[in-house]
Amino acid sequence: MGAAALLEQNQRAAVLAIGTANPANCVLQDEFPDWYFRVTRSEHHPTLKAKMKRICEKSGIRKRHFHHTEEMIGSHPELLDRALPSLSARLRITADALPELAAAAAEKAIAEWGRPATDITHLILSTNSSGGVPGPDVRLAALLGLRPTVQRTTLYLHGCSAGAAVFPVAKDLAENDDRARVLVVCAETIVIGFGAPDEANPNGLVVNSLFGDGAGAAIIGAGPVAAVERPIFHMVSSSQSTLPRTEPAVWVRLGESGLGYNLSAELPALVRSSIEKCLVDALAPLGLAAGAGGWNSLFWAMHPGGRAILDSYEAALGFEPGKLAASRHVLGEYGNMLGATIIFVLDEVRRRRQGGDAGGDVACEWGVMLALGPGLTVETMVLHAAGSRDEK
């Protein structure tokens with residue numbers, strides 16, 4: 001079945017509103033190495049500091065936001081001493097910070113949506129920054145004033161694909177019942193994995209040079225109420241693909257010292273060699289994998305795992321200059337906020353299309369939202385811009 005035929009089916013789910021939020025504490029990227037080595041009391045590692053400076057200079061990041069401050073780190077020595085268990089302390093910090101950050105993003109989405117929060121029927125929260133039940137979803141529902149009958153789902157530890165993973169779930173819920181209005185939220189506070197530099201773990205320098213805090217939210221529904229709800233993107237088709245034998249390339253694990261990450265140096269090469277096949281498999285059944293303009297005939301909301309990942313997408317898919325401008329902008333302004341990042345990118349794509357500064361992408365009716373996660377897993381969602389010719 002072609003994409004146009006899928007779009008014509010009744011009850012196609014759509015993104016109806018988007019909201020984002022960040023903590024107030026902001027550190028400029030060119031000042032981050034000095035800040036980081038000062039707050040972690042690690043000035044006695046000049047070689048590691050010089051390496052972090054080089055990483056930050058090449059990162060494509062201008063600034064990042066954090067819940068944790070120098071004062072907070074100073075009052076929790078266990079966060080810096082790997083000999084001390086610190087997971088419980090980290091979870092206590094995120095227990096308050098995470099729902100509040102998530103609520104700030106959700107409140108913006110609800111305000112844009114234009115209906116009362118009590119009309120939300122489902123809540124899906126995704127995060128890498130918490131664990132356990134009752135989870136942050138319960139506190140978030142209370143902060144937003146959702147009904148006690150709201151149906152809650154929480155996804156933990158999906159890495160950078162945590163945000164993209166909620167959209168297929170929300171799509172299925174919305175299309176199963178046109179009365180359903182699904183609030184999806186992804187929130188991250190990287191204090192869950194923050195720590196001092198370690199000569200035995202150089203990968204930690206990369207992680208601390210890239211990741212930041214943020215939350216993104218969206219309202220998903222099918223059969224929008226006329227004159228009240230305004231679809232932004234229709235969600236046409238979703239797919240997930242796991243690349244064989246790539247489990248060691250990216251992983252996220254909770255341990256006594258908090259959240260541990262591994263980002264293999266081979267990741268950009270894995271992307272270059274495999275991403276096009278994943279996209280062909282996902283889009284060919286819809287008739288979108290070929291045609292005039294190739295991959296440049298689509299608009300793209302790609303998770304900016306890092307500058308090298310975006311460069312690999314461009315090289316593998318033959319993108320025109322500026323095709324990933326929204327992803328690069330979000331990376332520059334916020335860094336990699338794990339799962340929340342993709343919602344920021346989707347919002348930036350929307351802003352550029354509505355503001356007329358998306359270049360040739362304004363004419364692209366069809367697009368793709370894509371994120372990589374542990375596995376190595378590729379999450380893909382085919383989008384159709386609301387109000388395009390195919391709907392008229």
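On a 1 Å grid over the protein atoms alone, a cavity is a set of points where a 1.4 Å probe fits but cannot get out, and lining residues have an atom within 4 Å of a point. The model is predicted, so local features need pLDDT of at least 70 and side-chain atom pairs count only at pLDDT 80 or more, while totals for chains, interfaces and linings use all residues. Residues are numbered from 1 along each chain as its sequence is written, and side-chain values use heavy atoms, with hydrogens and water left out.

The structure holds one cavity of 30 Å³ or more. The largest cavity has a volume of about 30 Å³, a volume being the space filled by probe spheres set on the grid points, which are joined across faces, edges and corners. Its lining consists of A164, F167, P168, M369, E379, T380 and M381. Helix α7 (162-176) and strand β13 (377-385) each supply at least two of the lining residues. Helices (H or I, at least four residues) and strands (E, at least two) are DSSP runs, numbered from the N terminus.

By class, this lining has five nonpolar, one polar and one charged residues. Ala, Val, Leu, Ile, Met, Phe, Trp, Tyr, Cys and Pro count as nonpolar, Asp, Glu, Lys and Arg as charged, and the others, Gly among them, as polar.

## The largest pocket

A pocket is an open set of points with protein on both sides within 12 Å along at least five of seven lines. The largest pocket holds about 660 Å³ of space. It is lined by 34 residues, and V206, L210, L263, G305 and I309 lie nearest its centre.

Elements that each supply at least two lining residues include α3 (46-57), α8 (203-210) and β12 (366-373). Helix α10 gives the most, with four residues. The lining has 20 nonpolar, ten polar and four charged residues.

## Helix packing

The axes of α11 (residues 325-334) and α12 (residues 341-355) come within 9 Å and cross at roughly 125 degrees. Axes are lines fitted to C-alpha atoms, for helices over the stretch in contact, and angles run from 0 to 180 degrees between N-to-C directions. Contact means heavy atoms within 4.5 Å.

The axes of α10 and α11 come within 11 Å and cross at roughly 175 degrees. That makes α10 roughly antiparallel to α11, a term for angles over 145 degrees. R307, L310, D311 and E314 of α10 meet S327, R328 and L331 of α11.

Conventions: Angles under 35 degrees count as roughly parallel, over 145 as roughly antiparallel, 65 to 115 as roughly perpendicular and the rest as oblique.
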